[in-house]
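I opened the model and kept notes on what I looked up. The entries follow in the order I made them.

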Amino acid sequence: MPEPQPIGANERPNAVGAMLAVRDPASDETIASLPMATAADASAAVDAASQALGLWRETPPAERAAVLERGAEALLRDVEALARTITLESGKPLGEARGEIRYAADYLCSAAEEARTLMDEPFDGRRAGLRAVAVREPIGVCAAVTPWNFPLAMLARKAAPALAAGCTMIAKPAEETPLSAIAFERVLTASGLPPGTFHVLAGDPGTIVSTWLADPRVRKLTFTGSTETGRLLLRQAAEQIVRCSMELGGHAAFIVLEGADLDAAVAGAMTAKFRNAGQTCICPNRFLVHHSLAPAFAARLALAASSLIVGPGLEAATQVGPLISDAAVAKVRRHVADALANGARLVCGGETRRLPNRPDRFFEPTVLVDCHPGLLCFHEETFGPVAPIAAVRGADEAVDIANASPWGLAGYVFGSSQQAETVARQLACGVAGVNEPAPSNAYAPFGGVKWSGFGREGGRWGIDEYLTVKYLAIRA
Ligand code: SIN
């Protein structure tokens, strides 16, 4: 095997010297400045990943698994430093950043378990004298494009199964949050990944990803981000017939059925909605509450939401950090203004909280009532800490409203367990919590339907996305 070429666009200035400034959304201070990868760097990363592929795919799955498990241990050993990096570049509270690291480590462990199950599958091919075997092979060089809201976990969710399957991966993190991704690469390299097997390139998506998708050696694209960008990437991926997994936007409904336990529903709504300041693809965007419970639900939710501590993520007490950008604040403001202009009423929040010497990016946890499907927030993902509540007559109306959305990532149903499960089965989405506000788990399938994309991440479903099946028809 030839030695892979050194690649390291993150460490050295590029030919034109363009730099990527990484900014703390809670202070606007520049926390790092990185060389932007050029098209040549992007191509060099594909060269290295292609060269590394031969060795890595032949590495026994148990050895690949061991590297991933060492990576998980290293992440957990370094929680405090990594959590600080995640908080600094994404704004999320430190406690959530620590949770994200555990979540990332779980993806490494889950993928390691799956690697150990990889084996040929002899089957009855119904042909006399033929031995039929299905062989699960790595797809090859994979490209990952990851978002800023979970800068470590979303990359781990892609890299872990790809590497477990025997693929190599090149990854482009969001421009806002490259530091966690670069730290993740260092952790995996120090855990024994051969050079070229996994490499992160920071910079302009147009330059990097277009180069990758034009290169016939790249056989898989995995993306988490907006539906709009997903469409663009799918068009580009069509050129080389690249296999894709797309985890796109969400617009989750949170349904509270007649007779639901109100304490559980409110506690669940708090967890599901305000995590990461509402900047989560699976967070509820539409609360559909039985009319008999709607006033009490709204009052209790508003009480709990308005007691959340809003502030910079690095401060220990903070529960809700800043939004990622001014554009994000503007979008949340637009949704709230549209709701108020069209019949909704504000119960709490509704504006940013001004903090001394801080940018105007700290949006108050907001609860709106008298909402209805005509509102902008019922049609677009808000991606902020806003809980719009609509009263509904019953489960059928709630399901109709929930399923009217073109998105279908997640949904939540709170109520008596049997009825809640029945309703969850009727939801057009990929992940549903039944009296459970936090269904995500590295051992479970995660992904959507309709405009929320396709493909599944996590557990045995996750590794399948990086494998192709070869049928061997063997005549002895
Ligand atoms: C996401 O926002 O897409 C990830 C949320 C999760 O994994 O729970």
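**Entry 1: cores**

I looked up the largest nonpolar core of this predicted model and found 75 residues, of which Phe-254, Ile-255, Leu-288, Phe-297, Leu-301 and Ile-389 touch the most other members. A nonpolar core here is a set of buried Ala, Val, Leu, Ile, Met, Phe, Trp, Tyr and Cys residues joined through side-chain atoms within 4.5 Å. Buried means under 20% relative accessible area, exposed over 50%, and partly exposed in between (1.4 Å probe, protein chains only). Helix 9 (residues 262-274) gives the most to this core, seven residues. Helices (H or I, at least four residues) and strands (E, at least two) are DSSP runs, numbered from the N terminus. I also noted that at least three residues of this core come from each of domain 1 (19-248 + 452-475) and domain 2 (252-441); the domain bounds come from an automatic or database domain assignment. A second, separate core has 61 residues, including Cys-167, Leu-188, Ala-202 and Leu-467.

I noted the ground rules: this is a predicted model, where local features need pLDDT of at least 70 and side-chain atom pairs count only at pLDDT 80 or more, while totals for chains, interfaces and linings use all residues. Residues are numbered from 1 along each chain as its sequence is written, and side-chain values use heavy atoms, with hydrogens and water left out.

**Entry 2: Phe-297**

What does Phe-297 touch, not counting residues up to four places away in sequence? I found Phe-254, Val-256, Leu-262, Ala-265, Val-266, Ala-269, Phe-287, Val-289 and Ile-389. Contact means heavy atoms within 4.5 Å.

**Entry 3: cysteines**

I searched the whole structure for disulfides (pairs of cysteine sulfur atoms within 2.5 Å) and found zero. Cys-281 is in no disulfide, and its nearest cysteine sulfur, that of Cys-283, is 8.4 Å away. That is too far for a bond. Cys-281 counts as buried because its relative accessibility is 11%, and Cys-283 because its is 4%.

**Entry 4: helix 12**

Which residues of helix 12 (residues 395-403) are buried? I listed Ala-395, Ala-398, Val-399, Ile-401 and Ala-402. They cover an arc of only 165 degrees around the axis, so they lie on the same side of helix 12; the arc is that of the directions from the helix axis to the C-beta atoms. The face turned away from the buried side of helix 12 carries the exposed Asp-396 and Asp-400. The buried residues of helix 12 pack against strand 10 (252-256), strand 11 (284-290), strand 14 (386-392) and helix 13 (417-426).
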